[in-house]
Amino acid sequence: MQQVCLLTVVSLFVTSAQCKTPGLQTRITDRALEYATEVALDILSKQVTGQQIPDQHGQSGDVKFDITGMNVKQFTKPSSRVSLIQNVGLSWSTSGTGLAIHGDFKYKYRKGIIKISDHGSFDLKANSINFQIKIEIGMDGTGRPTMKAVGCSCNVGSADIKFHGGAAWIYNLFSGQLENTLKDMVGGGNGLLCKQLNTLIDVNGMKSLQKLPVTVQIAKRFLLDYRFLSKPSFQTKFMETYHKGEVYWNAVPVDAPFTAPPLLKSSDTSRMMYIWLSDYVFNTMSYNALKYNQLQYNVTNKDLPSGVLNTTCPQSTCIGKIIKAIGTKFPNTTVMLYMKSTSMPNMTVQNGSTVVNASGDIVFFAQQPGGKYTYFLTLSATMSTTISLMIQNEKVFAKVLKLPISVTVKDSKIPVSPEGLNFIVKGIVSVFVEPKLNELGAAGFPLPVINSVHFTNTQLTVAKDTLLIATDLKYSG
C-alpha cells in the first residue's frame, strides 16, 4: 500500500504524454514566438559581431585592389515579425538591420607610365538590411522534433564606405565596385547574414531540440515516452505539438490496454506557452506497476518509530497492546505488514482536485525464531488520496491534503476488533506513508523544457482529466 502511494505521487510529476489522443499537448503562442525571435536576434548579434569576412581581390578599370582583414564591428538589431504557415512552420522577417565593417585595403593604379600604389583602412556601413527566412518544424521517423531553415533571402538597401589613407581621388575609381562586392557578401541567399541564420536554426536550434529527450527513465524501471504522435499543427496565433505520453515498463515497452481521455479544450492565447497533462500519464504507469509487481512493500519496525510493530512492550503504543490477541499469541516478537495493491490505482483529475483511488491487501505476519514468519491476518484496504499541486522552477510539486484509509477484515486466524485495526493502520499512514509521500512531492519533477527556458507568471488549472499549465517564458542562456 505504501508503494501504491509513492507511485501515485511520482506519476503526478510525469509531465508529458499521449496515446492517439495526446497525453501531453503543448501550445506555443505568437507571443512566445516573437519573444523567441528577439532572443534569436541577440544570439545572431553575438555571432555576427566579430565575424571574419573572406579577403576580396578585384579590379576596376586601371585599379587593382585587395581587401583584407575584414570583420564586423557592429550589428544593429532590426524590427522583427514572425508569422505561422499552415503545414510548414514559421516565417521570420526583419527590416532595418545595420552592419558596420572594418577592413584594410591596398591598391595599385597603373595608367601609361603612371604607377601609384598605397594602402590604408576603410569602414563600411550597410543599412536598411532586410531578411526573410522560413523555418520548417516537424518530426523525424523516431518521433523527435526537427527544425530546418529554408529559403533565406537578404537584401542590403545601401552601403557607405569611407577610406582612411591613400590618395582620395583614386577611391572614386573603385569604391563603387567595392561597395557592390561587399553588399553581395553581406546580402543574398548565400551571404553573411543568411549563412549565420541557417547556422542559428539548423545547428543551434537543432542542438537545443536534441537536449529534449523523447524518453525519460523513471525509478530505473519505467520509461516515459513523449515522442511526437504527429507533426505540429499551426494556426494563426499559435502552434501545437502532440505527444504520446505513455509510461512503459522499461524492460517490456508494450502499450496499455486503454487510451487517453480527451484533454480540456481551451482557446486561450494570452500566455506564451500552455502544457496539457493527462491523467493517462499516471494511469499507464499505475497499470505497469501493478502488472510487474511493483505495488507491494514490506513494512517493518525499521520503517516506524518506537517499536510500533512489537508484540510485547512496557508502554501501550505497540501492536501487541493495542490488539491484545496478537500480543497473547505471538509474545516477544515483531510483526511485518506485507502491503500489496489488488487493483490498478486510478487517478482522477476534475473539479479543481486531483484524487487517486487505490485498493489493496495488508497481510500480517509474526516473526518467529530463525527468521521465519507466521501468517495470521489479512485486511482489505481502500484509499482515496487528495493531492495539491503547484508549479515552481519548471517543476511540479505535490503535497498530500487528505489520505483517508478504511480497512475490513478479509481473513483472520485471531480475534481482532475493527477499532484496533483502524487505529494501527491509520497510525502507520500518518507517521510513515504520508511523510514519505510529502518528501517525494517536495523533491519535484522537472517539466519537459530546455534548461535555459524558465517559467514566469504561471497558472495551474485542474480540470476534467487534465492538468493545464499556462505560463510566460524567460530565456537565460
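Biologist: How many bridges join strand 4 to strand 6?
Modeller: In this predicted model, strand 6 covers residues 89-111 and runs antiparallel to strand 4. Within this pairing, Asp66 stands opposite Lys106 in strand 6. The bridges that join the two strands number eleven.

Biologist: Which residue in strand 4 is the bridge partner of Gly58?
Modeller: Strand 3 (residues 56-60) pairs with strand 4 in the antiparallel sense, over five bridges. The two strands form a hairpin with two residues between them, and Gly61 in the turn has a positive phi of about 65°. The partner of Gly58 in strand 4 is Phe65.

Biologist: Which residue in strand 4 is the bridge partner of Gln52?
Modeller: Strand 2 (residues 52-53) runs antiparallel to strand 4 (residues 63-76), and two bridges join them. The partner of Gln52 in strand 4 is Asn71.

Biologist: What is the handedness of the disulfide of Cys152 and Cys194?
Modeller: Cys152 and Cys194 have their sulfur atoms 2.0 Å apart, which is within the 2.5 Å that a disulfide requires. The torsion about their S-S bond is about -85°, so the disulfide is left-handed.

Biologist: How many residues apart in sequence are the parts that Cys152 and Cys194 tie together?
Modeller: Both Cys152 and Cys194 are buried. Cys152 lies in strand 8 (residues 145-164), whereas Cys194 lies in helix 4 (residues 192-210). The pair therefore ties together parts whose separation in sequence is 42 residues.

Biologist: Is Cys318 buried or exposed?
Modeller: A disulfide joins Cys318 to Cys313, with an S to S distance of 2.0 Å. The torsion about this S-S bond is about -80°, so the disulfide is left-handed. Cys313, at 8% relative accessibility, counts as buried. Residues under 20% are classed as buried, and Cys318, at 0%, therefore counts as buried.

Biologist: What is the pairing when the bonded cysteines of the chain are numbered in sequence order?
Modeller: The count comes to two disulfides. One of them is formed by Cys152 and Cys194, and another joins Cys313 to Cys318. In sequence order, the pairing is 1-2, 3-4.

Biologist: Which cysteine has the sulfur nearest to that of Cys154, and how far away is it?
Modeller: Cys154 is buried, with a relative accessible area of 11%. Cys154 is in no disulfide, and a disulfide would need a pair of cysteine sulfur atoms within 2.5 Å. The nearest cysteine sulfur is that of Cys194, at 5.3 Å.

Note on methods. Residues numbered from 1 in each chain as written. Predicted model: local features only at pLDDT ≥ 70, side-chain atom pairs only at ≥ 80, totals over all residues. Heavy atoms only, no water. Helix = DSSP H or I, 4+ residues; strand = E, 2+ residues; numbered from the N terminus. Buried < 20%, exposed > 50% of the residue type's maximum accessible area, 1.4 Å probe, protein only. Pairing = 2+ DSSP bridges.
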